[in-house]
Structures are given as C-alpha cells and as structure tokens.
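Here is a briefing on a predicted model.

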Amino acid sequence: MGAMTNHIEDHGPDRMPAVASSTTTALWPPIARRIRRASHTLRWWVALLVVAGALVVVRPVDASASARSRIVAHSTTPLVEPIAFGDARTYRVPSGNRSDAPMAGIAAAPGGRGYWLAMSDGDVLAFGDARFEGSAPGGARSSPIVGIASARSGEGYWLATTDGKVLAFGDAHDYGSATAHQLHGAVVGIAATADGHGYWLATTDGKVLAFGEAHDYGDGPAGDVGAPFVGIAANPVGKGLLLVASNGRVVGVGHARSYGSTFGAPIAAIATLPNGNGYWLLPKTYAPAGPGFVPGYVTAIGDSVMLDAAPDLEADISNIDVQAEVSRQWDAGIALAQQLRDEDDLGATVVIDLGTNGPVDTYQFREMMRVLNGASLVVFVTVHLPAYYSWSQSVN
C-alpha cells in the first residue's frame, strides 16, 4: 500500500458531503490485511475524528511540533485553533466569534502574539494582539476569500480571492492582483514580504506569483506532494517560502525551513511566526450539516467487523452511535442510514464499514451518498478480504 490519503470533494451549493477514505497505512496504525484485525484499525481510524464540525486531525510527524485543535461548538461553522509547530502557540477562540463560512486563511500579528483568521465569505477574526482592520463583503469581490497576509506594521492586511484579486486593508499597500494572469490552477493563498513591500500568490498547482518587491524563488514541487496546494507563507528571516498541500504536507521553496507536517489531516492554510521559528497550519473546516443530521455526533454503520470494535469506539468517543450488525449488506446500510436521517437521529459525521459480506457497485455507492447528502463528513473504512473472495478488490 501507498501513503495515507484523504480525498475531499466539494460539490458547490448543493454539495455532497466531504469524503475521507482510509485506504493506506503510512501514518495511521497498521491496517491489517486479515479481516480479524480490522476492528483494531477501525477503532483508531474513527478515534482520530474530532467530531463537532467533522474535522479530521492527525498528530504531526515532527516530534517537536505541538498539535492542538480544539473545536468551539456552536450553531454555525465551528472555529478551530490552528495546529502549532515550533515556537508557535495558539489562542482561545473568544465566545463571541461566530461565522457561517469555513476558515480560509491565517496570518500572524507582529511579534507572533496573535493572528487573524480569514473566512471564505470575507469575514476576518482577530486573536491575541492582532487588530481588526476590516472585512470583504460579497460586493467587494467576485469569488471566495482563500488567504490573508499581514502588513509589517500590524495595522493592515491583504485578502486574496480564488480568482487572484488582492484586497488591501488598513495601511497595507496594493501591489497588484493576478486576475490578468493565465493561471492553470486557482489561487489558494497569499504571503507578504518581511518589509511589507510586496507579496506572493500561490495556486493549487504550486505556481508562485511575485508582486511589488517580492523575490521570485520559483514554484513548488507540484507533482511530489500527493495533493493540491492550499496555502503559502514567507520565511521572515531568510530567503524562501513554505507551501502547504491539502493533505498537510509542508514543503520549502528557497531556504525556508519546515518544522513538520500533518500528512493526512485536511489543511486550509499556513502562516509563519515573524521570527521564522515556527508556524501554524489551519485545519480545514466544513459547512454545517443539513437537515436530518445531528451536529457534533458520529454515526457508525457497519457489519461484524465494526461490531467487534464497538466497545472501544464507544469508550474512545463519547458522542458516537455504533449501528453494527452481523452479516449486514450494503443495501441494508443504505436503508438504515435513511431511517436514521428520517428520524433526525443521524450524526453529522458518518462512518461506513460495509462490503465484507458482498460486492458493492457504483450505483449502490451513489445511493449511499444520496442518502448522506448534507452530512459534514463521510468516512469509508477499507475492507480487507482474502484474495479468493470475488469482490476483494472491487469493493474498495
């Protein structure tokens, strides 16, 4: 097997839920090839879900990194603390901060004693010593916000949109946008120079565009990270940039130093400390669940494999409802999911561990996803079967 991958799919306004697939073993505890060990795997897979908001969080592989991600539960999109690496620290989310949109970007305040969080709808939230200098309502832009960068003074910042437009606030100077550039990928982030006299924009394929007095350090290794890029940050004390992919991998361009990655946790953005001795990774958050789903809860639907793991799952996750039954088929799982949703008793995060007892075709998978349309996150657990089972390969 290869490296762990999480496949996240967005489907627009009438979106299907995000999908995560546990198909490999590199970071997570070894997934057994024999079915008798699958219950152990399932326990660990689901135990790594932070449920209020359907955020998957993985410990960073760098031992020096501190990974903390606390969900602040409320009726709209949850805000989460960034994952801190090196000397970076996190700040509690004030109880008054609320947003109806996913988090899109993060920028450090001067001195590293605070940061701004930018939401995709243009809202900006200030933490610690960071000062609020304005937001970008829909009329000021034509596409969602994807990143934020701080001016040197701390009294201004830039917001970037997916189509490459840059909006300046406070004393931040406008050095141009990428709207006139021919880009192969959408813009995903913005980073400012240490003196505030320029900035960079990054795209999903690792292309880096320099504006103002920003130096051209080249592009990111698009084919080597296993996922599209989602953010960019500058190395404030050296020559280089950091790019982060949606799978949590951090790579350096030029002489920027990486302090670790999350490898598998969905990430939305990156920001460096002003002294260059650490950075934050901003976890990806998802829109609130639709009707029929219970926010903050997990429903796990499975067969005998999940039944074996049920005691451990329930011990590790207080808000999980394990619905497991011996010899359960995929179609029976669809019917159960529909019943629970009709009764307003289906968790916003849904774990499916089915396929041991029979093949699953494309139509059946789509039917399951149709029933689960509106969930915040759907996790499919890989099925492991002896090779002589005719569906041992196709089921996954």
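**Surface charge**

A patch of negative charge on the surface brings together Asp 342, Glu 343, Asp 344 and Asp 345. This is a predicted model: local features need pLDDT of at least 70, side-chain atom pairs count only at pLDDT 80 or more, and totals for chains, interfaces and linings use all residues. Residues are numbered from 1 along each chain as its sequence is written, and side-chain values use heavy atoms, with hydrogens and water left out.

- Patch members have over 30% relative accessible area and no salt bridge; like charges are joined within 9 Å, and nonpolar side chains (Val, Leu, Ile, Met, Phe, Trp, Tyr) within 5 Å.
- A salt bridge puts a side-chain nitrogen of Lys or Arg within 4 Å of a carboxyl oxygen of Asp or Glu.
- Asp and Glu count as negative, Lys and Arg as positive; His and the chain ends are not counted.
- Asp 345 sits in the loop between helix 3 (330–342) and strand 23 (346–353). Helices (H or I, at least four residues) and strands (E, at least two) are DSSP runs, numbered from the N terminus.
- Asp 345 is partly exposed, at a relative accessible area of 41%. Buried means under 20%, exposed over 50%, and partly exposed in between (1.4 Å probe, protein chains only).

**Aromatic pairs**

- The whole structure holds 14 aromatic pairs. Rings of Phe, Tyr and Trp (its six-membered ring) pair if their centres lie within 6.5 Å; planes under 30 degrees apart count as stacked, over 60 as edge-to-face, the rest as tilted.
- Tyr 157 and Phe 169 make a tilted pair, 5.6 Å centre to centre with 35 degrees between the planes.
- That pair links distant parts of the chain: Tyr 157 is in strand 11 (residues 156–161) and Phe 169 in strand 12 (residues 166–170), twelve residues apart.
- Tyr 157 is buried at 0% relative accessible area. Phe 169 is buried at 13%.
- Trp 200 and Tyr 217 also form a tilted pair, with 6.1 Å centre to centre and 40 degrees between the planes.
- Trp 200 belongs to strand 14 (residues 198–203), while Tyr 217 lies 17 residues apart from it, in the loop between strand 15 (208–212) and strand 16 (229–234).
- Trp 200 is buried at 4% relative accessibility, whereas Tyr 217 is partly exposed at 24%.
- Trp 158, Tyr 175, Tyr 199 and Phe 211 are linked into a cluster by ring pairs.

- Ala 375 is in the loop between helix 4 (362–371) and strand 24 (377–381).
- Ala 375 is buried, with 0% relative accessible area.
- Ala 375 and Gly 290 are 6.3 Å apart, C-alpha to C-alpha, yet 85 residues apart in sequence.

How values were computed:
Accessible areas come from the Shrake-Rupley method with a 1.4 Å probe; for residues, only the protein chains shown count as cover. The place of a charge is taken as NZ of Lys, CZ of Arg, CG of Asp or CD of Glu.
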